[in-house]
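Take a first look at the chain below. Then follow the text from the whole fold down to single side chains.

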Amino acid sequence: MKILIIGLGLIGSSLAQAIKKGHPNYYLIGSDTNQASLKYAQSSSLVDETTTDFTTSALRADVIILATPVQVIIADLQILSQLPLKPQVLITDVGSTKQQIMQAAQAVQKRGFTFIGGHPMAGSHRSGVAAGSVQLLENAFYFLVPEATSSRAVSQLKNLLCATHNQWLVVDSRQHDRIVGQISHLPHIMAAALVNQAQTELQDFPLGLKIAAGGFKSTTRIASSDPQMWTDILLTNNHLLITQLQDYIQKLIQIKKALQNQDPLEIKAFFTKARDTRQQLTKNSNKDFCLTLTITAVPEAIKTIVDILFSANLNLINIHISPIKQDNTSHLQLSFNNQTILSKATNLLKAAGYQILGSD
């Protein structure tokens with residue numbers, strides 16, 4: 001079985017590792033335009049073969065995984081539709097939006113090739129081929145958009161990625177884009193708008209953003225994401241996002257009117273509804289497994305801790321640093337996907353001499 005992965009970034013690298021773990025006898029071909037990524041992938045045995053031009057390798061592939069930005073996936077589907085691929089080839093992608101990709105996939109489907117849309121809801125504070133990890137996808141929701149595809153092909157893809165141990169969600173393309181538009185794309189717009197507004201509002205106050213505390217930083221963390229990637233994502237989900245943005249703007253107008261009218265009942269109701277919904281969300285969501293430790297020489301300590309975890313192939317899903325005290329100490333909270341990783345991390349960091357304040 002020959003698997004071609006086009007794009008060896010964070011997700012492509014993670015999928016390669018998962019396939020190698022679940023199917024060690026499969027032959028993996030990695031394609032990327034970045035020579036350094038290809039060199040790393042081959043030297044680290046992520047793949048068995050590398051190429052900068054996937055068109056030749058695609059002819060030999062039984063499965064083709066498109067793990068590039070959305071606009072590149074759309075362009076590559078057009079190229080694949082012109083190639084004499086194997087009749088039974090299975091093509092899938094990991095794009096963050098699905099309607100335009102599924103539309104572009106019709107070109108390969110008309111040739112009789114199987115295409116299943118996909119989107120793993122996983123990420124990391126790190127990026128690139130070296131950041132990939134099997135653990136990145138563990139317990140993550142993985143959208144599948146098979147639409148007209150057979151259940152046999154869906155089972156084939158699930159089996160190929162069995163070592164990811166993710167949670168499969170089968171939806172249609174519009175459902176997918178509506179969901180991620182509301183819980184991912186719209187929040188990125190909101191975070192960026194809040195940062196930009198704060199920068200403008202506080203530009204005449206030198207300390208301004210420098211004194212921003214945890215609430216502001218947590219709310220706006222995702223504003224540091226790649227601008228080009230998010231431009232591409234938004235432009236491929238623009239119609240749904242326009243509606244969702246308008247709904248959000250209307251809610252801001254409602255709370256603005258409550259402030260103008262000095263209406264305490266309306267204001268309290270606004271926050272009460274949000275609090276109750278958010279608490280229910282936390283109750284129903286996967287539990288984060290966290291540990292907290294005391295560190296000194298904060299930048300150096302963080303680097304050392306991350307290196308320890310990375311060397312042990314333990315994947316962090318979140319990191320939070322408390323304000324540095326006068327004695328140059330801080331509390332560092334690390335979050336993981338499950339209890340097994342948490343226990344391993346706790347033991348490693350204890351052995352390295354760090355004081356663990358607590359874990360749960």
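The paragraphs below start with the overall chain and end with single residues.

This is a predicted model. The secondary structure of the chain comes to 13 helices and 12 strands. Its radius of gyration is 23 Å, close to the 21 Å that the globule rule gives for 360 residues, so the chain is as compact as a globular protein of that length. Along the principal axes, the C-alpha atoms fill a box of roughly 65 × 55 × 40 Å.

Of the 360 residues, 41% are buried. The chain exposes about 19,500 Å², and carbon and sulfur atoms supply 54% of that area. Take the contacts between residues at least 6 apart in sequence: 71% of them join residues at least 24 apart.

Now for the links between side chains. Side chains of opposite charge can pair when their charged atoms come close. The structure holds 6 salt bridges. One of them joins Arg 60 and Glu 49, at 2.6 Å from N to O. Arg 60 sits in the loop between α3 (54-58) and β4 (63-66), and Glu 49 in strand β3 (residues 49-51), so this pair ties together parts that are 11 residues apart in sequence. Arg 60 has a relative accessible area of 30%, so it counts as partly exposed.

Another salt bridge pairs Lys 86 with Asp 62, with the closest N and O atoms 3.0 Å apart. Lys 86 lies in the loop between α4 (70-80) and β5 (90-93), while Asp 62 lies in the loop between α3 and β4, so the pair ties together parts that are 24 residues apart in sequence. Lys 86 is partly exposed, because its relative accessibility is 29%.

A further salt bridge brings together the side chains of Lys 98 and Asp 93, at 2.9 Å from N to O. Are these two residues buried or exposed? Both Lys 98 and Asp 93 are buried.

What about disulfides? The structure holds 0 of them. Cys 162 is partly exposed, at 35% relative accessibility. Cys 290 is buried, with a relative accessible area of 11%.

Leu 202 is found in the loop between α7 (173-201) and α8 (214-220). Its relative accessible area is 32%, so Leu 202 counts as partly exposed.

Finish at Ser 37, in helix α2 (residues 35-43). Ser 37 counts as buried because its relative accessibility is 13%. Leaving aside residues up to four places away in sequence, Ser 37 touches Asp 32 and Val 129.

Conventions
Residues numbered from 1 in each chain as written. Predicted model: local features only at pLDDT ≥ 70, side-chain atom pairs only at ≥ 80, totals over all residues. Heavy atoms only, no water. Helix = DSSP H or I, 4+ residues; strand = E, 2+ residues; numbered from the N terminus. Buried < 20%, exposed > 50% of the residue type's maximum accessible area, 1.4 Å probe, protein only. Contact = heavy atoms within 4.5 Å. Rg over C-alpha atoms; globule rule 2.2 N^0.38 Å. Areas by Shrake-Rupley, 256 points an atom, 1.4 Å probe, with all protein chains shown as cover. Disulfide = S-S within 2.5 Å. Salt bridge = Lys/Arg side-chain N within 4 Å of Asp/Glu carboxyl O.
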